[in-house]
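The following exercises are to be worked with the sequence and the model at hand. Each task is followed by a solution in steps.

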Amino acid sequence: MKKRTGKKWIAGILLTSILTGCAAAKSENGSSDTNSAAAGGADGGYQIYAEAENTDSFSYAEARPAEAGAADEGFFEPSYEEFNTEEYNARQEKGFAKASVTPLSTFSADVDTASYSNLRRMIEDGYSIEDIPAGAVRIEEILNYFDYDYNLPKGEEPFGVTTQIGDCPWQEDHKLLAIGLKTEEIDFSGSNGANLVFLLDVSGSMNSSDKLPLLQRAFALLAENLTEKDRVSVVTYAGEDRVLLEGARGDETERIVEVLDSLEANGSTNGGKGIQTAYELAEANFIEGGNNRVILATDGDLNVGQTSESELTELVEEKRESGVYLTVLGFGTGNIKDNKMEVLADNGNGNYAYIDSVREAKKVLVEEMGATLVTVAKDVKFQVEFNPEKVSEYRLIGYENRVLDAQDFEDDKKDAGEIGAGHTVTALYEIVPAKEGEEAESSLKYSQTVTNGSEEWLTINIRYKEPDQDESILLQYPVDESFYAEKPSEDWQFVAAAAEFGLVVTDSDYKGTGSLEHVKSVLKGLDIEEDEYKDEFYDLVRKLIKNS
């Protein structure tokens, strides 16, 4: 099967088709909405593909029958998955930049993990490398899914920074720079409480065992871990939005779960109206100094009202000024709109996770509740300045949709990523060292008289804001040859293997000698058995090798 790239694929169905859920939604004038998912077909139905010139996003469409047999414990299988109309944003991989010409690399922090758990779902479902949509793989989200033994914060800083350089595994003579940030876990006993609005998609497209039933169990798990200091509201949306609960105490668990258990999926999807209502409730129950957040759970298949990425971006950008943050949780298979959910989270001062099982729901909403729900630093930006006397070329791996202009780094009005309590953030640079005697010219730090001839390779600059502040704080971390290790740490080796995995799966132009077999051999040599998620990654690599 040919890999889908930067096109939008539209499924045309021959023979009999059956419209289900949101796919059957009609617009007000009675015509089928153009954002609806393609219809499911009868057994033996056929499907053709027509390319549409759209380089911003594409949907991946394929007839894929549901697996027979009972689902694994804790995992939800859709009742059937005849036609796949999932949508992902296309990404343009960035190449190497010359440090003498462009010494500054600027990007926004990212703590989303949806890409990895969605990719895991595909591999578990038997996808080969050729089956995986290129836009579904975001390497930074693979790296940031896992926890690492990075340095903890010192003094008043909100995060610790860990830096290490090693030999690049997939490109001889290149180096690999790993930058890791880690925040402290939060002690909820001393917090001011959380004001949470559950914004739940109950449209027809959620009528599948891996969607609404899994959503209900996920939010019940969260409800069991709230306290009397917390407040919970529940808003549902389909053709219209409904407020089912407003400002309930967090310890009213039975009341909250009863509302969740009453949910049924039916109708079209007016997510924009639901978002507006949810923010209004969050503002009405606002807790000063607390965690005020809307948690949106959906498959992203919006087909009524504000549905385009630009409309959704405008909506959440306006709402984030209220001090209410946004968490987006994706559910389901077959018609998931990853592109829209990522846009909502990125522009709503929030994070985006994909829930494919009860275990993942527990990870995101219980084990990592602080990281998911409590922001400790907002508008976090990186700007790495390379010394052209030490670095000839460099390439940021991943973060394609997080790249900023150099001037954005000092612009406090420019939105960037948020980091939660207990989060880790990892960034990787592939570096081509400068050859001895190589001439280099630059107009920045490493060309100034005072630093000319510096032994530093680079300087890591980080800007962030306190959650309730509008002025950023600057941190700087110079890096020299002492950060190089012939045998880097196990964290570095795991991160490098995860990045190599992403390069191979996306068939990157820069994967060099990288291979899944090499990734497997690296992981096999690491002590990761005690970390269930890293150990699972090793199993996924082996499964993908077998699938492909």
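**Exercise 1: A sheet and its helix**

Strand β18 (residues 391-397) and β7 run antiparallel and are joined by two bridges. The model is a predicted one, in which local features need pLDDT of at least 70 and side-chain atom pairs count only at pLDDT 80 or more, while totals for chains, interfaces and linings use all residues. Residues are numbered from 1 along each chain as its sequence is written, and side-chain values use heavy atoms, with hydrogens and water left out.

*Task.* Identify the bridge partner of Ala 97 in β18, then determine which strands stand at the edges of the sheet.

*Solution.* 
Step 1. Helices (H or I, at least four residues) and strands (E, at least two) are DSSP runs, numbered from the N terminus. Two strands pair if DSSP finds at least two bridges between them.
Step 2. Ala 97 has Tyr 394 as its bridge partner in β18.
Step 3. The five strands form an open sheet in the order β7-β18-β20-β10-β9, with antiparallel pairing. The edges are β7 (97-98) and β9 (159-167); each has a single partner strand, so one side of each is left without a neighbour in the sheet.
Step 4. Helix α10 (residues 490-505) packs on the sheet and touches β9, β10 (175-183), β18 and β20 (424-433). Its direction makes about 70 degrees with that of β9; axes are lines fitted to C-alpha atoms, for helices over the stretch in contact, and angles run from 0 to 180 degrees between N-to-C directions.

**Exercise 2: Burial**

*Task.* Decide whether Thr 426 is buried or exposed, and examine how far helix α7 is enclosed.

*Solution.* 
Step 1. Buried means under 20% relative accessible area, exposed over 50%, and partly exposed in between (1.4 Å probe, protein chains only). Of the 548 residues of the protein chain, 57% count as buried.
Step 2. Thr 426 belongs to strand β20 and is buried, at a relative accessible area of 0%.
Step 3. Contact means heavy atoms within 4.5 Å. Leaving aside neighbours within four places in sequence, Thr 426 has contacts that include Tyr 148, Ile 179 and Val 495.
Step 4. In helix α7 (residues 338-347), 10 of the 10 residues are buried, so the helix is largely enclosed by the rest of the structure. Just after α7, Asn 349 takes a positive phi of about 55 degrees.
Step 5. Strand β8 (residues 104-108) is mostly covered, with four of its five residues buried. Five bridges join β8 to the antiparallel strand β17 (residues 375-386), where Glu 385 stands opposite Leu 104.

**Exercise 3: Salt bridges**

*Task.* State which parts of the chain the pair of Arg 121 and Glu 86 ties together.

*Solution.* 
Step 1. A salt bridge is a side-chain nitrogen of Lys or Arg within 4 Å of a carboxyl oxygen of Asp or Glu. The count by this rule comes to 31.
Step 2. The closest N and O atoms of Arg 121 and Glu 86 are 3.2 Å apart.
Step 3. Arg 121 is buried at 6% relative accessibility, and Glu 86 is buried at 0%.
Step 4. For Glu 368 and Lys 363, the closest N and O atoms are 2.9 Å apart. Glu 368 is partly exposed at 29%, whereas Lys 363 is buried at 2%.
Step 5. A network of salt bridges links Arg 120, Asp 356, Arg 359, Glu 360, Glu 532 and Glu 536.

**Exercise 4: Aromatic pairs**

*Task.* Classify the ring pair of Phe 96 and Tyr 510 as stacked or edge-to-face.

*Solution.* 
Step 1. Rings of Phe, Tyr and Trp (its six-membered ring) pair if their centres lie within 6.5 Å; planes under 30 degrees apart count as stacked, over 60 as edge-to-face and the rest as tilted. The whole structure holds 20 aromatic pairs.
Step 2. The ring centres of Phe 96 and Tyr 510 are 5.7 Å apart and the planes stand at 75 degrees, so the pair is edge-to-face.
Step 3. Phe 96 lies in the loop between β6 and β7, and Tyr 510 in the loop between α10 and α11 (516-524), so the pair ties together parts that are 414 residues apart in sequence.
Step 4. The rings of Phe 386 and Tyr 394 have centres 4.1 Å apart and planes at 15 degrees, so this pair is stacked. Both Phe 386 and Tyr 394 are buried.
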